[in-house]
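User: Hi! I'm new to reading structures. Could you walk me through this one?

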Amino acid sequence: EDAESRRLEGEPARTGDGTAITVLVNVDGLATIADADPDVCDGVGLTRTEFLFADGPADEDAQYETYRRIVEWADGRPVTIRTLDAGGDKPVPGITPDGETNPFLGLRGLRLSLAHPDLFRTQLRALLRAAAHGPVKIMLPMVTVPEELVQARALMDEAAESLAKAGVPTGDAPLGIMVETPAAALEAARFEAAEFYSIGTNDLIQYVTAAARDTASVAYLQDPLSPAVLRLIAEVATAGRTRGVEVSVCGEAASLPEVIPALLDCGIRTLSVPPAAVGRTKRAIAAHRLG
Ligand code: PEP
Ligand code: MG
């Protein structure tokens with residue numbers, strides 16, 4: 001990290017012409033927060049909860065304790081926690097199906113959670129309980145059509161009701177979606193129950209370009225600056241502005257200095273990046289003037 005990035009890391013992010021930009025961090029496990037200072041960010045934009053499922057699913061109390069620790073670390077800042085995103089590049093033994101010809105197009109992310117309501121209910125209960133300790137936002141991965149969000153919302157409402165009946169403390173948590181499929185990006189405005197959007201460019205780019213994210217020989221196609229990708233990102237930014245809900249970018253593209261100007265020009269005002277990339281992200285934001 002250069003001196004300018006280090007200096008800017010501790011300051012609120014602003015473009016060269018003074019527009020405030022929200023910079024959040026991505027959390028991949030408790031090790032991420034052990035090493036990171038919450039004061040350099042505006043909250044957590046993505047928690048990848050797969051680490052809790054490495055040795056089979058963690059039970060409700062273990063999940064709750066882990067989510068609560070992240071909420072306490074964030075110290076009043078919003079914490080976005082993604083429900084299990086098993087499948088594709090993140091197989092979870094015993095949970096993801098064997099024998100799919102194309103796991104990236106198979107039962108993964110929210111599709112898998114909806115197919116395993118018991119697993120999903122346990123995670124939703126743990127998240128709602130953690131929300132009693134600070135602002136939690138619940139984020140659904142790999143959403144394709146609005147009906148999936150409606151189904152998830154119903155399961156979340158059921159979980160909240162059963163916790164309330166049992167007298168277990170919970171908090172309200174906004175429910176939002178990751179935009180990772182071209183269908184969700186093109187139709188973003190129709191997800192009327194989405195309380196926020198977060199664009200997962202790692203997956204969105206692979207599905208737009210039909211080039212797998214783990215296949216080096218087609219990496220030349222995985223270009224976040226390609227017009228097809230930027231058009232979809234701008235579409236989602238417009239949908240969010242029209243609906244009055246936040247749109248962030250949480251894929252790797254959000255922390256690439258050569259891509260950040262294009263994201264800001266598309267109308268994106270929130271970026272979520274690995275903690276180690278906060279300084280260089282703020283530096284790239286400061287160097288850009290909105291046209
Ligand atoms: C993405 O797809 O851009 C994303 C942030 O999620 P993951 O990399 O965990 O699939
Ligand atoms: Mg993804």
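User: Which residues does UniProt list for "binding site"?

Analyst: Quick heads-up: this is a predicted model, where local features need pLDDT of at least 70, side-chain atom pairs count only at pLDDT 80 or more, and totals for chains, interfaces and linings use all residues. Residues are numbered from 1 along each chain as its sequence is written, while chains are lettered from A and ligands numbered from 1 in the order in which they are written. The "binding site" label comes from an unreviewed UniProt entry; positions follow the numbering used here, feature names are shortened, and annotations may be inferred rather than shown by experiment.

User: Where is glutamate 180 placed?

Analyst: Helices (H or I, at least four residues) and strands (E, at least two) are DSSP runs, numbered from the N terminus. Glutamate 180 sits in the loop between strand S6 (175-179) and helix H7 (182-186).

User: Which helix gives the most to the shell around ligand 1?

Analyst: A residue is near a molecule if its C-beta atom, placed from the backbone, lies within 6 Å of it. The residues around ligand 1 include Glu180, Thr201, Asn202 and Asp203. With three residues, the top contributor is helix H8 (residues 201-209).

User: How many nonpolar, polar and charged residues are in that shell around ligand 1?

Analyst: Ala, Val, Leu, Ile, Met, Phe, Trp, Tyr, Cys and Pro count as nonpolar, Asp, Glu, Lys and Arg as charged, and the others, Gly among them, as polar. By those classes, the shell has two nonpolar, four polar and four charged residues.

User: What is the arrangement of H8 to H9?

Analyst: Two packed helices are described by the angle between their axes and the distance between the axes. H8 and helix H9 (residues 227-243) pack at about 125°, with axes 10 Å apart; axes are lines fitted to C-alpha atoms over the stretch in contact, and angles run from 0 to 180 degrees between N-to-C directions. Under 35 degrees is roughly parallel, over 145 roughly antiparallel, 65 to 115 roughly perpendicular and the rest oblique. So H8 to H9 is oblique.

User: Which residues in H9 does H8 meet?

Analyst: Contact needs C-beta atoms, placed from the backbone, within 7 Å. From H8, Leu204, Ile205 and Val208 take part, and the contact divides into six nonpolar, no polar and no charged residues. Their partners in H9 are Ala228, Val229 and Leu232.

Definitions and conventions
Contact = placed C-beta atoms within 7 Å.
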